[in-house]
Amino acid sequence: MTKDLVFITVIGKDQKGIIANISNAVFKHNINIEDLNQKIMGGYFVMTLLADTTDSPITFSQLKEELAQIEARMGLKIQVQHENIFKAMHRV
Amino acid sequence: MEYSLEEVMETVQMTLYHNFDIRTVTLGINLKDCINSDLDVFKKNVYERVSGYGKMLITEAQKLEDKYGIPIINKRISVTPVALIIEACVEPDAPIEIAKVLDKASKDVGIDYIGGYGALVQKGMTRADERIIDSLPEMLSHTERVCAFLNVATTVSGMNMDAVIRLGKTLKEISSMTENGVGCAKFVVFANAPEDNPFMAGAFHGVGEPDFSLNIGISGPGVVRSVVEKNKDCNLTDLSEVIKRTTFKITRAGELIGRELASNLGVPFGIVDISLASTTKVGDSVAGIVEMMGVEKMGAPGSTAALALLIDAVKKGGAMASGNVGGLSGTFIPVSEDSCMNEAVRVGALCIEKLEALTAVCSVGLDMIAIPGDTKAETISAIIADELSIGVVNGKTTGVRLIPVPGKKAGDYVNFGGLLGETYVMEISSFSSHDFILRGGRMPSPITSMKN
């Protein structure tokens, strides 16, 4: 079965609890974390999290709304995008 | 992870900071099978077809925006040229009645513009074509969302100068019936109009198209400008390469979203139009790219060469990314819709003659240019003839969207509002073209059209 993979990307000021908050939010909706990458780029905390949403009952817009709350609370920029867009743009 | 953090962040940053978006998804709809000799039945058929598919287009496009995190700015519809479908209607007000139905159907479901009110008259006009042209001033001043077009020339057929004569007068009439002449912003005159163009105001669903066709216009002047900014010191060969690579990426994103949207709507996927299209947003400007390449102001010597390099690189990157490149696929240089173009006009760097030269390398014509309200009808016709000749002789699409602004003279400021932007009225030559234009007839097709 093909997986429904999404990238959750986070940009913002480094602070305690970013990964904890996001992983908690995705776990709550039965989303599995497949991979996680983070580093400091140009003074900003940058993270990409690859998540498998195949078994999750929620829609893209519901996941976005959930993460938007963390975004507002912690002053971050969080994007949710299906993996296919990265495959199209970065793989021939 | 299959993708590096840098690759993922490149896409994210394009969207967040460089205005990367899908500029338009335009659903082409055939209306020929809606025709009925009873105008009321005909109108009902058109309303149901347009509003039904329009509603689906909006819903499905919204879902893909959520899925891919790439904004789809405009959701639009193009229809069969209205001159073709009103042929059998004897009621004198049939063209306007159909336009009002298209307007209402669009408004009811949230489609911002619907294109196709027009005709193809490059060799001559049918009675229905004439009715459409005659109705343009009333139609454009009594509807909000309906866009009009007229194709008056092709490389194969030459240019219908009788139609061009009429258009000078028609534009003045449209202008006098709408505030600041803004009705003219919804009307394009073409040479070699493509049948699958997704961009307004000139979109229509051509007769060679299937019942439905989903066409997509990608965009990213902001993205291209940012890569040019990052490559300040490289030579023009290398600059062309980086622009090509960037365009490849954004075209692939457009193709992905276009195909998926077409499949979700259950309609055939048409084309990706790879035109760079400016918006009024600061930084989202084609002139801004030319200036970032090292030309002080758009219009200064070097602008045409810079634009030629830009559009060539865009085409090469786009053609590698999609097997279905179509529509206009040029580079738009609308004056009022591009903040850097506007500034160039304000400071005197850019005049209409230089704009005409720029369109020789980029398409898509003299676009969104405000001219003095007292410009003579024959002079407007002559400007149209000049621009369309470039298209006819070079075998490419050129269009004209001129706005004579009532009561304004060269240098005056005018605001058209919203997406249509703001601009300064351009100076037009005061020398007369009257005798040349009024000769009328048909300019023959160029020898280069004889290819068989």
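Author: Quick ground rule first: two strands pair if DSSP finds at least two bridges between them. Strands (E, at least two residues) and helices (H or I, at least four) are DSSP runs, numbered from the N terminus. What you have here is a predicted model, where local features need pLDDT of at least 70 and side-chain atom pairs count only at pLDDT 80 or more, while totals for chains, interfaces and linings use all residues. Residues are numbered from 1 along each chain as its sequence is written, and chains are lettered from A and ligands numbered from 1 in the order in which they are written.

Reader: OK, let's start with strand 10 of chain B. In which sense does strand 6 of chain B pair with it, parallel or antiparallel?

Author: Strand 6 covers residues 187-191 of chain B. One spot to look at is Phe190(B), which sits opposite Gly399(B) of strand 10. Three bridges link strand 6 and strand 10, and the sense is antiparallel.

Reader: And how many bridges does strand 9 of chain B make with strand 10?

Author: Strand 9 (residues 365-372) of chain B runs parallel to strand 10. Leu366(B) faces Val400(B) across that pairing. The bridge count for strands 9 and 10 is seven.

Reader: Is strand 10 of chain B buried or exposed, and which residues point the same way as Thr398(B)?

Author: Eight of its eight residues are buried, so strand 10 (398-405) of chain B is largely enclosed by the rest of the structure (buried: 20 or more other C-beta atoms, placed from the backbone, within 10 Å of its own; exposed: 12 or fewer; partly exposed: in between). In a regular strand the side chains alternate between the two faces of the sheet. Here Gly399(B), Arg401(B), Ile403(B) and Val405(B) point one way. With Thr398(B), pointing the other way, go Val400(B), Leu402(B) and Pro404(B).

Reader: How many residues are in the largest nonpolar core?

Author: A nonpolar core is a set of buried Ala, Val, Leu, Ile, Met, Phe, Trp, Tyr and Cys residues joined through C-beta atoms within 7 Å. Those with the most contacts inside the largest one include Ile8(A), Ile369(B) and Leu402(B). Helix 8 (residues 236-265) of chain B gives the most to this core, with eight residues. The size of the largest core is 169 residues.

Reader: What does Ile369(B) touch?

Author: Contact here is two C-beta atoms, placed from the backbone, within 7 Å. Skipping residues up to four places away in sequence, Ile369(B) touches Val335(B), Ile352(B), Leu355(B), Leu402(B), Ile403(B) and Met426(B).

Reader: Over to chain A: which helix of chain A gives the most to the side that touches chain B?

Author: The interface has 22 residues of chain A in contact with 18 residues of chain B. The top contributor on the chain A side, with six residues, is helix 3 of chain A.

Reader: Last one: how many other C-beta atoms lie within 10 Å of His205(B)?

Author: His205(B) is in the loop between strand 6 and strand 7 of chain B. Beyond its neighbours within four places in sequence, its contacts include Gly28(B), Ser78(B) and Ser213(B). Its C-alpha is 5.8 Å from that of Glu195(B), ten residues away along the chain. His205(B) is buried, and its count of other C-beta atoms within 10 Å is 29.
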